[in-house]
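The sequence and structure are shown first.

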Amino acid sequence: SIESKEPDEQGRGWTLDPAPSARGSQRDRDGGDPLARVGEMFAKFSSRSKIDAVTSSKDEPTPVYALQELCENLIANPSTTESAASYLIARLQNKSVIVKQKALRAIKYVASKPDCSSFRMAVQQHAGVLREHASFSCAADPMKGSRPAEQVRQAAKEAIHAIYSTDSSSSASRGNGHAMQGFGSGGSGASTSQGGDESARASSMFSKAGGGRERSGSGGVSG
């Protein structure tokens, strides 16, 4: 350590500068490295911007590359996972049926990736919201009738399955690598479960959500 040029509180002699380890401890108590905090804030802003992009109210399919960029952002910045999951859930409160469906399909897409287990766990904390959307209903659309509401319900069931089923991660990843033009590539993804606790939990969530036979093929957001 190095002697400082300032006297101590009693004005006696010289004080010693804290050792590097002590300075590091003090920095931790003060909230960590300021640069690290700035980096985390930027990462959170980036993930929110990407979520806004993939859950826009435009009646058109969300590009797969935009979903992939969101996944890569969350994998590269694991500290932002919980805030991103909460923000996606918050998007479900939007009155737009299009936004709801896109948010649910974004949840399914990210949760289906093997490297996004922390995201799955974060969304599980909001499973009740997903379950509510599995029985979603709204006024019929003048042009599309009841189809938008049906697509929200289907997307919610697929999201529930994705956050609880480890098998859906590999199967959905393979499916998403083929000719997928937007969200609506069909299939509930619930048929490949190999059993176990996670699949049982997913089945339980489906039962609570309304059970019954699922409708196949949700089409696209743009209908």
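The text below treats the overall fold, then the core, then the confidence of the model.

The structure is a predicted model. Its chain contains 10 helices and zero strands. Of the 223 residues, 39% count as buried. The accessible surface of the chain comes to about 12,300 Å², and carbon and sulfur atoms contribute 51% of that area. Among contacts in the chain with a separation of 6 or more, 72% join residues 24 or more positions apart.

The largest nonpolar core comprises 40 residues. Leu104, Ile107, Phe119, Val123 and Leu130 have the most contacts inside this core. Helices α2 (34-54), α3 (64-76), α4 (81-91), α5 (97-111), α6 (117-124), α7 (127-133) and α8 (147-164) each supply at least two of its residues. The largest share, nine residues, comes from α8. In general, nonpolar side chains in soluble globular proteins tend to be buried together. Val123 touches Ala85, Ile89, Ile107, Leu130 and Ile163, leaving aside residues up to four places away in sequence.

The mean pLDDT of the chain is 74, and 60% of the residues score at least 70. Confidence is highest in α5, at a mean of 97, and lowest in α9 (residues 167-176), at 49.

| Segment | pLDDT | Contacts beyond four places in sequence |
|---|---|---|
| Residues 1-5 | under 50 | nine contacts |
| Residues 210-223 | under 50 | 39 contacts |

Conventions: Residues are numbered from 1 along each chain as its sequence is written. This is a predicted model: local features need pLDDT of at least 70, side-chain atom pairs count only at pLDDT 80 or more; totals for chains, interfaces and linings use all residues. Side-chain values use heavy atoms; hydrogens and water are left out. A nonpolar core is a set of buried Ala, Val, Leu, Ile, Met, Phe, Trp, Tyr and Cys residues joined through side-chain atoms within 4.5 Å. Buried means under 20% relative accessible area, exposed over 50%, partly exposed in between (1.4 Å probe, protein chains only). Helices (H or I, at least four residues) and strands (E, at least two) are DSSP runs, numbered from the N terminus. Contact means heavy atoms within 4.5 Å. Accessible areas come from the Shrake-Rupley method with a 1.4 Å probe; for residues, only the protein chains shown count as cover. pLDDT is the predictor's confidence in each residue, from 0 to 100.
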